[in-house]
Amino acid sequence: MILPDYIQNIEDKENTHVFVAMSGGVDSSVSAYLLKKAGFRVTGCFMTVWQPPFLDCSMESERQDAMRVAVQLGIDFKTVDLAEDYKTRVVDYMIAEYEAGRTPNPDVMCNGEIKFGAFFDWAEDRGADYVATGHYAQLRKSKVESRKSKVELVAGADEHKDQTYFMWQVLTERLEKTIFPIGHLEKSKVREIAAEAELPVADKKDSQGLCFLGQVDMPTFLAEFIDLEPGDVLNEAGDVIGTHAGSVVYTIGQRHGFSIQKKTPESGPWYVISKDVDANTITVTENDNLSSTLYNCKGLTLPSTNWIGDVGELLENGKLSARIRYNQPLQKCTVKGVGGKDQVEVTFDQPLRAVAVGQSCVVYDGERCLGGGIIGAVRS
């Protein structure tokens, strides 16, 4: 059986009830299949969330796919209504952050507030011993006996699919009741298992875009909730050189979605380096090298953080790595506490490109994800 040891070693599997978050995709379907085959009592769960009325909705077809897998596996299937939670905890948060001039990561909030928040609570209330998801992440037990928490979050084995960046907000006590059946596998192997099991979603394409909502054009989406006014594009000297659709929809480093009127044949791409939502302006540069203000981050502040497992000694020892966007190569850094364990200063060995307030900074010790925070300030 292809399952990591910490799952395989769970005793009395037939009386251990696992609620599997099933999205209708191949990853969560294979997760349910592996757990069922290993002898666990499995219930498949599909989460329905708020869907904007102005976007095409594929939720019902996804639910049907998840249900078909559950029927084939012979497991119970439940539909969980989390529309209100998703709207208030994820969508409203995202809109408010953009409106304030920050750059949020709704996928991080979706994991912390929905999958390992509202859904986790719902599953526990109905007798779940564990919650399982199809995330490409791993858990392992700490070898240090003195540590209060024995769980550690580790990067998925498929480095191109590792999803720990989006999971820094998940509480340690919830990870202790979580299992990731495919985190130790390559995506190609997951596809192979799905095909061998003849799951009806074996050849289904991976979902893309915003958590649960799919591909979303952010300016179009935000325009439904925020009054966007066109404004001026400035160069670094403060001269007006173009127009944009509304400053709140842009993020640092963006190179599309605005027009430059004073281009020359030698002009290269222009990048957003700052924005002023009160004045409704964005400032851009053509310079994309280490001397540019585009490389705006030597360090940053995390006003509030969440740490996974016992990490105090690691943070105090200093030299770690971090990333500020998904799939970014890990960047060497030093982490120091400011005002206690909840607020930290992260200083990078080399300046980082296009870091925006509101993004997530996630800290690692090798392959272990220690946790992270939402960026409150950037130091150039």
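Both faces of strand β12 are covered, with Thr-281, Thr-283 and Thr-285 buried on one side and Ile-282 and Val-284 buried on the other. Buried here means under 20% relative accessible area, exposed means over 50%, and partly exposed lies in between, with a 1.4 Å probe and protein chains only. Helices (H or I, at least four residues) and strands (E, at least two) are DSSP runs, numbered from the N terminus.

The structure is a predicted model, in which local features need pLDDT of at least 70 and side-chain atom pairs count only at pLDDT 80 or more, while totals for chains, interfaces and linings use all residues. Residues are numbered from 1 along each chain as its sequence is written, and side-chain values use heavy atoms, with hydrogens and water left out.

Strand β12 belongs to an open sheet of 5 strands with mixed pairing, in the order β10-β9-β8-β12-β11. Strands of a sheet pair through backbone hydrogen bonds, either parallel or antiparallel. Two strands are taken to pair if DSSP finds at least two bridges between them. At the edges of the sheet are β10 (258–260) and β11 (271–276), each of which pairs on one side only. Neighbouring strands of this sheet are turned by 30° against each other on average, direction ignored. Such angles run from 0 to 180 degrees between N-to-C directions, and axes are lines fitted to C-alpha atoms, for helices over the stretch in contact.

The pairings within this sheet can be taken in turn. Strand β9 (residues 240–244) runs antiparallel to β10 and is joined to β10 by 3 bridges. In this region His-244 stands opposite Phe-258 of β10. Strand β8 (residues 231–234) runs parallel to β12, again with 3 bridges, and Leu-234 stands opposite Thr-283 of β12. On the β11 side, 5 bridges join β11 to β12 in the antiparallel sense, and Ser-274 stands opposite Thr-283. Strands β11 and β12 form a hairpin with 4 residues between them, and Asn-280 in the turn has a positive phi of about 60°.

Of the 6 residues of β18, 5 are buried. Strands β15 and β18 pair in the antiparallel sense over 3 bridges, and the bridge partner of Arg-323 in β18 is Val-362. Strand β18 is also joined by 6 bridges to strand β19 (residues 368–374), and these two run antiparallel. Here Val-363 has Gly-371 of β19 as its bridge partner. Strands β18 and β19 form a hairpin with 2 residues between them, and Gly-366 in the turn has a positive phi of about 65°.

Ala-354 counts as buried because its relative accessibility is 1%. Glu-198 also has a positive phi of about 55°, and is found in the loop between α7 and α8 (218–223). Glu-198 counts as exposed because its relative accessible area is 65%.

Gln-328 is placed in the loop between β15 (319–323) and β16 (331–337). Gln-328 counts as buried because its relative accessibility is 11%. The side chain of Gln-328 reaches the backbone nitrogen of Ile-324 at 2.8 Å. Not counting residues up to four places away in sequence, Gln-328 touches Ala-322, Arg-323 and Leu-352, where contact means heavy atoms within 4.5 Å.

Two packed helices are described by the angle between their axes and the distance between the axes. Helix α2 (residues 26–38) packs against helix α7 (residues 187–196) at an angle of about 65°, with the axes 10 Å apart. The crossing of α2 and α7 is left-handed; a crossing has this hand if the near helix is turned anticlockwise from the far one by less than a right angle, and is right-handed if clockwise. Helix α2 contributes Val-26, Asp-27, Val-30, Tyr-33 and Leu-34 to the contact, and helix α7 contributes Lys-187, Val-190, Arg-191, Ile-193 and Ala-194. By class, this contact of α2 with α7 has 7 nonpolar, no polar and 3 charged residues. In this classification Ala, Val, Leu, Ile, Met, Phe, Trp, Tyr, Cys and Pro count as nonpolar, Asp, Glu, Lys and Arg as charged, and the others, Gly among them, as polar.

Notes. A polar contact is a pair of N or O atoms within 3.5 Å; within protein, one must be able to donate a hydrogen and the other to accept it, and residues adjacent in sequence count only if both atoms are side-chain atoms.
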